[in-house]
Amino acid sequence: MPTYRPGPVSLALAVLVALFLLMPLLAVIPVSLTPSRMLTMPTGELSLRHYRSLIEDPRWLDSILLSLRIGVVSSALSTVLALTFSLGVWMFQPRFTAALVGFVLLPMVVPPVVSAVTLYFLLTSVSGISSFFGYDTWLGVAMAHSVMTVPFATVLMLVSLSQLDRRIDLAARGLGASVWERTTRVIMPNIKFGIVTAALLSFVLSWEEIGVTLFITSVNAITLPRLMWMGLRDNIDPAIAALSVILIIITVLVLAVRSVITRRQAAP
Amino acid sequence: MRGTLSDRMGAALLMAPLLLFLILAYAWPFLGVVKWSFTLPTPGFGQYHALLTDDLVQSVFIRTLRIAAIVTVVSVTAAYAITVVWVRGSPVQRVLAEFCILVPFWISVLTRAFGWVALLSNRGLINTWLQSIGFISEPLTLVRNEFGVIVGMSHFLIPFAVFPLASAMRSLDERVLLAARGLGSSRMRTFWTVFVPMTRSGIIGSALITFVFSLGFFVTPAILGGGRSVMIAELIYLRIFQSPDWGLGAAISVVLVVFVGALMALVFRYVKPKQLV
């Protein structure tokens, strides 16, 4: 059977777009190897000094550890909240489901800067009550990140539940399984790929979150993107180039591994 | 069995934690922001009046709409070109296109903006190269202006524009295209008169997503605009942190939400949300 394939013009345009998409990612590689203190192209010799400064400068290490901690806590919180909510929607199909799901997805739809102002209001209000859970604290940031990531986790859970065969759950129910048993023995094992993906996506979104973080931190809770932001705004530090190269390599590796796993799942 | 008392209890118990969390940590503070816009510094509609009369705010609004419109056209066009190959290309072409779409998609907005700074700044790759071949003597100003903002934002938004287009192109019946070609229509004509009209819902969805994202965009304009081409989101930030005027910052936020909501409602009257994703 013949198929409709893109012609030479389409291919040429697509190549241009692909180059545009990859160009800035490739551009950081030479910059990261410059021996200069400034953001310049290396002329002649190359140096790894900016990679070394990532390890030696405690500020980078501290913020990496802080971002990891915030990412893990906020991802755990949004995964659990999204999972319970989606299970409720799927098992009981309550009235007003569309409206409730719509409400949960709001932080994803509302312009991020408005969410940032909203969370700034929240954390400055909470600061008056508790000193370790308000503005510029790591727990406050973790909670704010959960607000921002929970809609994405919920979408992933609902999608993977929608692919689950209801008859499996009905069979379990008919055989006398309780809600708890149906959830933990029947439903969750079947959507475990979705749960893991949701947790991973929440972590990644928190790890690179900057729009909201800028509004709710000042000097204490300096996450990695916050530190990069400071380096980008004031005096551009080539260590950011080194860090960017590392992050790009990790992304490419994770995507490669993921595509291998998905392909194996698709062809069992 | 549906709708029995225990079922309703179960649903409520499972759904309550997330709903409570978002009511306390999102809905309630949002109402607080609305309250700020009416009470700071003095109660009343003063801030909204200021929005309508302040020249700076007006110019930022107009600039934001202009940049968002340009970015939408650029992103949707570029996304269309690469999506055609991602969806309809040969297996190898598909893998390559997917790589070029997903790698930038997963990389943080800061890294991507930084990449553009490295390319476009006065001592960046493009200027260094153009000077070394003697094409220009003085570096071109490519960043810290609207050009840089448009380039960086389009780069960020292309992958988002791809997804609605891809789903529209996937659901398209290939036989119609083959029929058009079989009846003697040229590639170009088939593309413009059959392919593009059939992906209309994807184009609308993709344009809506891009435009809405552009309106509230903060990071890329702030870095690549270098404080010179301020957009709404950065103006909100400046009003809250630099010239503390929380009331005005809150009022702009409220207007932005209302505007985005109205825009989405308008588009959804003509296209069903399900067709978009």
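Trainee: In which helix of chain B is the place of B:Leu65?

Mentor: The model under discussion is predicted. In chain B, residues 55-88 form one helix, and B:Leu65 has its place there. The helix asked for is α3 of chain B.

Trainee: Is B:Leu65 buried, exposed or partly exposed?

Mentor: Within 10 Å of B:Leu65 there are 16 other C-beta atoms. A residue counts as buried at 20 or more such atoms and as exposed at 12 or fewer. B:Leu65 is therefore partly exposed.

Trainee: What separates the C-alpha atoms of B:Leu65 and B:Leu215?

Mentor: Along the chain, B:Leu65 and B:Leu215 are 150 residues apart. The separation of their C-alpha atoms in the model is 7.0 Å.

Trainee: How are helices α2(B) and α13(B) oriented to each other?

Mentor: Helix α2 (residues 46-53) and helix α13 (residues 246-270) of chain B have axes that come within 9 Å and cross at roughly 75 degrees. Angles of 65 to 115 degrees fall into one class. The two helices α2(B) and α13(B) are therefore roughly perpendicular.

Trainee: How do the residues of the contact of α2(B) with α13(B) divide by class?

Mentor: From α2(B) come B:Gln47, B:Tyr48, B:Ala50 and B:Leu51, which meet B:Gly247, B:Leu248, B:Ala251, B:Ile252 and B:Val255 of α13(B). The division is seven nonpolar, two polar and no charged.

Trainee: Which residues of α1(B) meet α6(A)?

Mentor: Helix α6 (residues 138-162) of chain A packs with helix α1 (residues 5-39) of chain B at an angle of about 120 degrees, the axes being 11 Å apart. These helices, α6(A) and α1(B), are therefore oblique to each other, and their crossing is left-handed. On the α6(A) side the contact involves A:Met143, A:Val147 and A:Val150. Their partners in α1(B) are B:Leu18, B:Leu22, B:Ala25 and B:Tyr26.

Trainee: Which element gives the most to the side of chain B that touches chain A?

Mentor: The contact between the chains takes 67 residues from chain B and 71 residues from chain A. On the side of chain B, these divide into 47 nonpolar, 13 polar and seven charged. The element that gives the most to this side, with 16 residues, is α1(B).

Trainee: How far apart are the C-alpha centres of domain 1 and domain 2 of chain B?

Mentor: Chain B is divided into domain 1, residues 1-39, and domain 2, residues 45-276. Their contact takes four residues from domain 1 of chain B and seven residues from domain 2 of chain B. On the domain 1 side, three are nonpolar, one is polar and none is charged. The C-alpha centres of the two domains lie apart by 33 Å.

Note on methods: Residues are numbered from 1 along each chain as its sequence is written. Chains are lettered from A and ligands numbered from 1 in the order in which they are written. This is a predicted model: local features need pLDDT of at least 70, side-chain atom pairs count only at pLDDT 80 or more; totals for chains, interfaces and linings use all residues. Axes are lines fitted to C-alpha atoms, for helices over the stretch in contact, and angles run from 0 to 180 degrees between N-to-C directions. Helices (H or I, at least four residues) and strands (E, at least two) are DSSP runs, numbered from the N terminus. Angles under 35 degrees count as roughly parallel, over 145 as roughly antiparallel, 65 to 115 as roughly perpendicular and the rest as oblique. A crossing is left-handed if the near helix is turned anticlockwise from the far one by less than a right angle, and right-handed if clockwise. Two residues are in contact if their C-beta atoms, placed from the backbone, lie within 7 Å. Domain bounds come from an automatic or database domain assignment. Ala, Val, Leu, Ile, Met, Phe, Trp, Tyr, Cys and Pro count as nonpolar, Asp, Glu, Lys and Arg as charged, and the others, Gly among them, as polar.
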